[in-house]
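Here is a friendly briefing to read alongside the model. Have the viewer open, and we will go topic by topic.

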Amino acid sequence: MNRVFTSCFLLILFHLFAKGQNALPQHLFCITYSGSVGNKEINSKTNYINRIGAAYQFQKKNYTLGLEYQFMFSAYSGDDLFSALRTSEGLIISDNGSLIDIQTLFRGNSGYFTFGKIIPISTVNSFQFNFGVGLLEHHLSIKTFDETSAYFTKNNLKGYDQLSIGPAIKQQFRFNHFGPKKRINCYLELFCEEAFLQNTRKYNYYSNSSDTKNHFNFTAGIQFGWMIPFLNNSPDEDF
């Protein structure tokens, strides 16, 4: 009896895989949103990173090549960068005696070249494993609302923005759904990202110290993508 159930299960699995060979179109444009959290290095600047982006994917015989771009944004939640400039009441006063309001935000960009493997599970669903190699940068976007201050110039603010850039790698595990009428095409993804960054500002004004070491950034998160097929063969063609 167990052999019968096992044989039936394998036949059904083979049937699903065989029918699912063309689960994804050959060319896809994707619009993405993701949220991620990071290690201590990331948490010193922000607790949660939002990402919006776009990607292109080419598929042939269940192997994929792609390009991916994402813009990162969130609130800054690290140490007060301007504590040395504040009064005992916690205020920052400009040269003319007016109060200075400062806004600090976390911003970043990433770009990847990806390659992956698709594992069909039905005519409309599939799993996908991707590996990406690329470049990542992030910085602090600092805005002041006092144009009269002689201290908060663009050049001086560079000493606070911690602009960091370096190589990065990414691993993605994805569940794809491609609707039979090409109307609902989306995926849900779990990903991990490792970046090896260096501060391009060799001296940090806020800490009065130089920063020449490498910084390891690790993030993990969930991504949702909407897939738009274009320039594709007919559904009956074998990729």
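**Around Thr 46**

The side chain of Thr 46 has a polar atom 3.2 Å from the backbone oxygen of Tyr 48. Please keep in mind that this is a predicted model.

- Thr 46 sits in the loop that links helix H2 (40-43) to E2.
- Is Thr 46 buried or exposed? Its relative accessible area is 2%, and because buried means under 20%, Thr 46 is buried.
- The side chain of Thr 46 also meets the side chain of Ser 74 in a polar contact of 2.7 Å.
- If neighbours within four places in sequence are set aside, the contacts of Thr 46 are Ser 74, Ala 75, Ser 77 and Phe 106.

**The chain as a whole**

- DSSP runs give three helices and 10 strands in the chain.
- In sequence order, these elements follow the pattern α-β-α-β-β-β-β-α-β-β-β-β-β.
- The chain has 239 residues, and 41% of them count as buried.
- Among contacts with a separation of 6 or more, 71% are between residues 24 or more positions apart.

**The barrel**

- Which strands close into the barrel, and in what order? Eight strands do so, in the order E1-E2-E3-E4-E5-E6-E7-E10, with antiparallel pairing.
- On average, neighbouring strands of this sheet are turned by 25 degrees against each other, direction ignored.
- Strand E1 (residues 27-38) pairs with strand E2 (residues 49-60) through 10 bridges, in the antiparallel sense.
- Within that pairing, His 27 is opposite Phe 58 in E2, and Gly 35 has Asn 50 of E2 as its bridge partner.
- E1 also pairs with strand E10 (residues 214-229), again antiparallel, over 11 bridges.
- On this side, Leu 28 has Pro 229 of E10 as its bridge partner, while Ser 34 is opposite Gln 223 in E10.
- E2 and strand E3 (residues 63-75) run antiparallel and are joined by 11 bridges.
- Asn 50, the bridge partner of Gly 35, also stands opposite Phe 73 in E3.
- A hairpin is formed by E2 and E3, with two residues between them. In its turn, Lys 61 has a positive phi of about 50 degrees.

**His 27 in strand E1**

- His 27 belongs to strand E1.
- The relative accessibility of His 27 is 15%, so this residue counts as buried.
- A polar contact of 2.7 Å links the side chains of His 27 and Tyr 56.

**Nonpolar cores**

- In soluble globular proteins, nonpolar side chains tend to be buried together.
- How many residues does the largest nonpolar core have? There are 20, and those with the most contacts inside the core are Leu 81, Phe 82, Ile 102, Leu 136, Ile 142 and Phe 152.
- Strand E4 (102-120), strand E5 (125-144) and strand E7 (185-199) are the elements that give two or more residues to this core.
- Ile 142, leaving aside neighbours within four places in sequence, is in contact with Leu 81, Phe 82, Ile 102, Gln 103, Thr 104, Leu 157, Tyr 160 and Asp 161.

**Cysteines**

- How many disulfides are there? The count is zero, with a disulfide taken as a pair of cysteine sulfur atoms within 2.5 Å.
- Cys 192 has 29% relative accessibility, so it counts as partly exposed.

Notes:
Residues numbered from 1 in each chain as written. Predicted model: local features only at pLDDT ≥ 70, side-chain atom pairs only at ≥ 80, totals over all residues. Heavy atoms only, no water. Buried < 20%, exposed > 50% of the residue type's maximum accessible area, 1.4 Å probe, protein only. Pairing = 2+ DSSP bridges. Helix = DSSP H or I, 4+ residues; strand = E, 2+ residues; numbered from the N terminus. Axes fitted to C-alpha atoms, helices over the stretch in contact; angles between N-to-C directions. Core = buried A, V, L, I, M, F, W, Y, C linked by side-chain atoms within 4.5 Å. Contact = heavy atoms within 4.5 Å. Polar contact = N/O pair within 3.5 Å; in protein donor to acceptor, adjacent residues only side chain to side chain.
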